[in-house]
Amino acid sequence: MSTATATVAASTADLEARIRQAPQKFRVMTGDRPTGPLHLGHYFGTLHNRVRLQELGVDVFVIIADYQVLTDRDVADRLGEHMEGMLLDYLAVGIDPARSTVFNHSAVPALNQLMLPFLSLVSVAELNRNPTVKDEIAHSRQSAVSGLMFTYPVHQAADILFCKGNLVPVGQDQLPHLEVTRTVARRFNERYEAVFPEPEALLSDAPLLLGTDGTKMSKSRGNSIALGADADETARLIKGAKTDAELHITYDPESRPGVSSLVLLAALCLGRDPHAVAEEIGGGGAAALKRTVTEAVNSRMAPIRARRAEYARDMGYVRSVLRAGNERANEIAAATLEEVRSVMGGALQ
């Protein structure tokens, strides 16, 4: 283990210990853009962790970032459909509206107003250097991205700081975005008055799941297995997943990424070590591997699918969850914006 990796691991372990000791001191802010169906990568990467933190007693805020859909595309296609699907997925995996707040960007005007003073706290050069923004531009659908892409990290800062979130679960690739938030909070506090916490990163140890084409699983790349997919659709997608010509199955992510990602998916669903899963399949080849993965995924997802179907029969209730979350988020955002206006000397009035 490298020194840097050991330092991150130690920091994460310390943070986890503090969360368990006093969960009421933490407020998590996290969320997703409604650009398509949530998938297994989301489930193992973030969704189950949100539920875990909720169960520990942490105050969890989950944003459906509808405004941010436009950062890398010209129009927000099927936005209402994607938002409702996302709500169903949240409820199905265990997000509890009694303990967590689910809301959407466009319903909370005061949150979005915070972006203007926050933009004054960062330079164009700083935004231009953000490696996560550069990667997102590289994978954008547009030949020329709009200015929204460069303000994306500051908009995320508003998302996190409007509710004074102090804990943000992130993957390693999202750390530059969180550093912008920390910079905004620090500079605001120094320039005006101490209002905002500098949120800590709760680094995810969830390994990367590849899509069916062997690249990163993504809503926009058409290579994912949606949480809302039924058993037959899941089987079809796994059957078409990219593997290799070697018969004996091993878990070797560097040399055999496609095969190893399937092994990992089965292991995550079964709660087992991926090396043990690969050894058990042995010389069964890709066909046996895909059967194992299909059975494991369908077994793990069965209760989630059942809950999703149950919620889908009462969309009135599902929409009421978002209305209640929007109401709470509006109350908090309005109070935060008023505090910001006050310490800035009425500059925003």
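Select T46 first: helix α2 has a kink of about 40° centred on this residue, where the bend at a residue is the angle between axes fitted to the seven residues ending there and the seven starting there. This is a predicted model, in which local features need pLDDT of at least 70 and side-chain atom pairs count only at pLDDT 80 or more, while totals for chains, interfaces and linings use all residues. Residues are numbered from 1 along each chain as its sequence is written, and side-chain values use heavy atoms, with hydrogens and water left out.

Now extend the selection to residues 40-56, the whole of α2, whose end C-alpha atoms lie 23 Å apart; this agrees with the 24 Å that its 17 residues should span at 1.5 Å a residue, the expected span being 1.5 Å times one less than the number of residues. Helices (H or I, at least four residues) and strands (E, at least two) are DSSP runs, numbered from the N terminus.

Colour the buried residues of α2 next, among them L40, Y43, F44, L47, R50 and L53; buried means under 20% relative accessible area, exposed over 50% and partly exposed in between (1.4 Å probe, protein chains only). Step just past the helix to G57, which takes a positive phi of about 105°.

Then go to A22, in the loop between α1 (3-21) and β1 (27-32), which is buried with a relative accessible area of 10%. A C-alpha to C-alpha distance drawn from A22 to L56 reads 9.3 Å, although 34 residues separate the two in sequence.

Finally, show the protein chain entire: it has 14 helices and five strands, and 49% of its 349 residues count as buried.
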